[in-house]
Amino acid sequence: MKLHGIEVVRVEVPFRREIGTAAGTHRTRPLLFVRVVAEGAEGWGECSALEQGTAVDPALGAVERALADRGVRRLLDACAARGGHLPEGAEVPQLFGSGAEDRVLAATFEMAVWDAGLRAQGRSMAEALGVAPGFETMPVGAVVGIPAGRDVAVVRAEVDAAVAAGAARVRLKIEPGWEVEPVAAVRGDHPDLVLQVDANGSFRGDEEDVAALSRLADFHVLCVEQPLPPADLVAHAQLAKVLPLPVCLDESLSTTRRVHDALRNGACAVACLKPGRLGGVRATRSAHAACAEAGVPVFVGGFFEAGLGRSSNLALAARLSQEATGLVSDVGSPSEYLVPDPCGYPAVVDGWVRVRREPGVGPGPDEEVLAGLAVRRRWYRATYT
Ligand SMILES: [Mg+2]
């Protein structure tokens, strides 16, 4: 497939409601898409970066600059070296480096090039990954943030709504001083709910923290996710030895190498893998293989994706679930947090969602929806053709 050019599209989509985490509050979701236009097919990639970066994940603005500075050029050069033809999706991550922005770019371009190839072949991502019958329908979980003013009634109402919608698992965001109270309240309301907590690295691991986090075991919390800042795997390994509930890592697992390090150190008993952060689907499958070998269950985490990125995560979660674990991935509908989702997503029915069978990775952004939102577009023509 000869490449004609690459379009970069940035669009601002409002969140349905403010998203509060220990790392900050998000009101809108700027989304960045790339479209590769080739002879006979085109494909879309969705960038996972959020507006505000963290210690681990680059901000969307930084990724957008890297995209313009070198991302687009890398793919154009790779095509030029192949007589104008697109590389295979599997080759795309190799065009990028190991830094945080490059990993996001690798994931975005891998998706776009793979999407174009699958559309040309008339194959779905699930088919290409080998999602087996019986694994095509995934349970949906919910994430409940830290409410303004730490109002426990708000958390209880959100959990009630998620459970009523069929959520198979709820992950509560916690931070120091806001852990036992919401967990106790939710457990009181829902004795059998599968409950996880996510601290986004906000604890320090002192005696007070250990005491508070240990109490969560009394409420049958499945695991505590990213209790400490992401850089310190050794501290997580030490904490894991004294906590009476499993430690899950998320932000610490920024590269496949870090996943190997965490497994070797005993720093995580559960892993949240994020394709956008790790550098794409193939990098995530490699990280998953290491976790499976170590007996560490995995779930696929999200970055408030639109329907395209989430469809990719859904097909991947379906495939990974064949070698793991029963944990619930973040595969709920983007319409729960974006108004509107510019891409669309399969309907969630009674807490279950079915992987797409249409050709490609997922639905690209709809032109009519884009027309109603604040959009910036730039076209890079492949000049060698
Ligand atoms: Mg997390």
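**Close-up views of the magnesium site and its strands**

**View 1. Asp198 is a buried residue.** Its relative accessible area is 1%, where buried means under 20%, exposed over 50% and partly exposed in between (1.4 Å probe, protein chains only). Glu225 is buried too, at 0%. Please keep in mind that this is a predicted model, in which local features need pLDDT of at least 70, side-chain atom pairs count only at pLDDT 80 or more, and totals for chains, interfaces and linings use all residues. Residues are numbered from 1 along each chain as its sequence is written, and side-chain values use heavy atoms, leaving out hydrogens and water.

**View 2. Three protein residues hold out donors to the magnesium ion.** Asp198 (OD), Glu225 (OE) and Asp250 (OD) lie 2.1 to 2.2 Å from the ion. Donors here are N, O and S atoms within 2.8 Å of the metal (3.2 Å for Na, K and Ca); water is not among the atoms, so the site may look incomplete. Along the sequence, the spacing reads D-x26-E-x24-D. Asp198 sits in strand E7 (residues 194-198) and Glu225 in strand E8 (residues 221-225), 27 residues apart. Helices (H or I, at least four residues) and strands (E, at least two) are DSSP runs, numbered from the N terminus.

**View 3. Strand E7 pairs with E6 and with E8.** Two strands pair if DSSP finds at least two bridges between them. E6 (residues 169-173) runs parallel to E7, joined by five bridges, and Val170 stands opposite Leu195. E7 and E8 are also parallel, with three bridges; Val197 has Val224 as its bridge partner. Four of the five residues of E7 are buried.
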